[in-house]
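Subject: A structure for you to look at

Hi,

Here is the structure I said I would pass on. Could you open it and keep it beside you while you read the notes?

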Amino acid sequence: QYGDFPVGVTTLQLAKGPKVEIWYPAAAGTSGTETYDMRDFVGEGIRAILTGDAPSTYSYPAGRDALLADGSFPVVLFSHGVAGMRLQSSFLTSNLASWGMIVVSVDHPSRALENFLTGTATGDGGDSVDDMLRGLELITTLGADATSRFNGHVDAEKVAAVGHSAGGGTVLAGAADRRIDGYVSLASGVFRGGPAVEGATTTTAPLPGKPSFFIGGSVDALASFATLTQPAFEAAPSPSLLWEIEGAGHNAFDDFCTFGNGTGIIGVAEASGLGALLDSIPQLRSLGEDGCVPPAIPVDITFPIINHAVAAWVRNL
């Protein structure tokens with residue numbers, strides 16, 4: 001369930017270019033519904049051929065550019081995965097805000113959905129870490145800016161990082177930064193001999209003793225719980241926590257399975273007559289479907305589990 005705070009949301013931009021979405025505890029009486037359309041993040045060329053009528057939007061309660069609630073609030077940095085974008089896990093980021101957290105999610109052009117689909121993604125892991133840390137610097141600066149709505153509301157001494165898939169590698173690397181107190185890795189992990197996903201290197205491993213929480217799904221075929229997530233937990237310094245969600249797949253941790261009548265981005269594409277194209281790119285189909293179709297359980301079951309686990313852990317960090 002949502003916490004006691006109504007949710008506010010605003011969109012900003014880093015000086016280096018990527019957009020930033022920020023969810024935060026809003027003033028009492030804030031209302032409204034925020035909706036985004038996945039088709040707005042695929043590029044003009046691909047959007048033009050996504051003409052089917054399958055649902056491609058996600059909505060959650062929030063007030064755009066609302067005033068903040070009274071008080072000072074900890075920061076949560078969110079890092080999205082491959083073929084994702086800053087809004088990809090709004091079910092989680094908005095929920096965290098309702099529990100009294102300022103959540104900062106930066107677009108990573110190196111692995112954004114549009115760039116992934118058009119073949120222009122660079123896979124620059126170091127850049128994704130820089131994106132996330134610049135997001136932290138942005139909100140810290142705004143917290144000390146008398147002209148900003150965030151002035152006096154940012155507790156920059158309490159910072160957590162949460163990442164999904166490749167974003168798990170980003171937060172693993174970023175956790176070496178002294179300003180980050182702990183991190184949550186969702187459907188991610190490490191390969192034998194080093195971190196698995198872009199952004200994580202053995203030279204930027206988290207400092208000893210930084211708390212961590214690894215969560216994965218038992219039917220995730222893209223980031224195997226047994227070979228990626230569990231070994232990452234076992235290699236992490238104490239204190240660390242490991243959860244395996246029975247029946248959850250890779251996209252249990254983002255909004256995407258709510259698209260396409262429950263079949264995800266793939267359902268949106270198939271409704272537009274692109275089934276043959278998807279069949280010719282098995283990697284794209286598996287990335288889009290994992291966690292949305294059997295044997296995965298529905299996300300209306302997994303979302304509350306993930307919201308509860310991450311919110312409770314961060315609140316007690």
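First, the ground rules. This is a predicted model, in which local features need pLDDT of at least 70 and side-chain atom pairs count only at pLDDT 80 or more, while totals for chains, interfaces and linings use all residues. Residues are numbered from 1 along each chain as its sequence is written, and side-chain values use heavy atoms, with hydrogens and water left out. Helices (H or I, at least four residues) and strands (E, at least two) are DSSP runs, numbered from the N terminus.

The sheet is open and has 9 strands in the order β5-β1-β2-β7-β6-β8-β9-β12-β13, with mixed pairing (two strands pair if DSSP finds at least two bridges between them). Its edge strands, β5 (63-64) and β13 (240-245), each pair on one side only. Strand β2 (residues 19-25) has 6 of its 7 residues buried, where buried means under 20% relative accessible area, exposed over 50% and partly exposed in between (1.4 Å probe, protein chains only). On one side, β2 runs antiparallel to β1 (residues 7-13), joined by 7 bridges, with T10 opposite I22. These two strands form a hairpin with 5 residues between them, and G17 in the turn has a positive phi of about 130 degrees. β2 is also joined to β7 (residues 102-106), again antiparallel, by 4 bridges; there W23 has V103 as its bridge partner. β12 (residues 212-217) and β13 pair in the parallel sense over 6 bridges, and F214 stands opposite L242.

Two helices pack on this sheet. Helix α5 (residues 166-174) touches β6 (73-79), β8 (154-164) and β9 (182-186), and its direction makes about 140 degrees with that of β8. Helix α6 (residues 225-235) touches β12 and β13, at about 160 degrees to the direction of β13. Contact here means heavy atoms within 4.5 Å; axes are lines fitted to C-alpha atoms, for helices over the stretch in contact, and angles run from 0 to 180 degrees between N-to-C directions. In α5, 9 of its 9 residues are buried, including G167, G168 and G169.

How do α2 and α10 pack? Helix α2 (residues 90-98) meets helix α10 (residues 299-315) at an angle of about 40 degrees, with their axes 10 Å apart. The contact is made by F91, L92, N95 and L96 of α2 and by F303, I306, N307, V310 and A311 of α10.

R149 is in the loop between α4 (125-143) and β8, and it counts as partly exposed because its relative accessibility is 32%. Leaving aside residues up to four places away in sequence, R149 touches T10, Y24, D65, A66 and L68.

Finally, the backbone. Most residues other than glycine have a negative phi, and most peptide bonds are trans. Cis peptide bonds join S238 to P239, with omega about 5 degrees, and P294 to P295, with omega about 15 degrees. P239 is in the loop between α6 and β13, and P295 in the loop between α9 (282-289) and α10. A83 has a positive phi near 65 degrees and is buried at 7% relative accessibility. N261 has a positive phi near 55 degrees but is exposed, with a relative accessible area of 63%.

Best wishes
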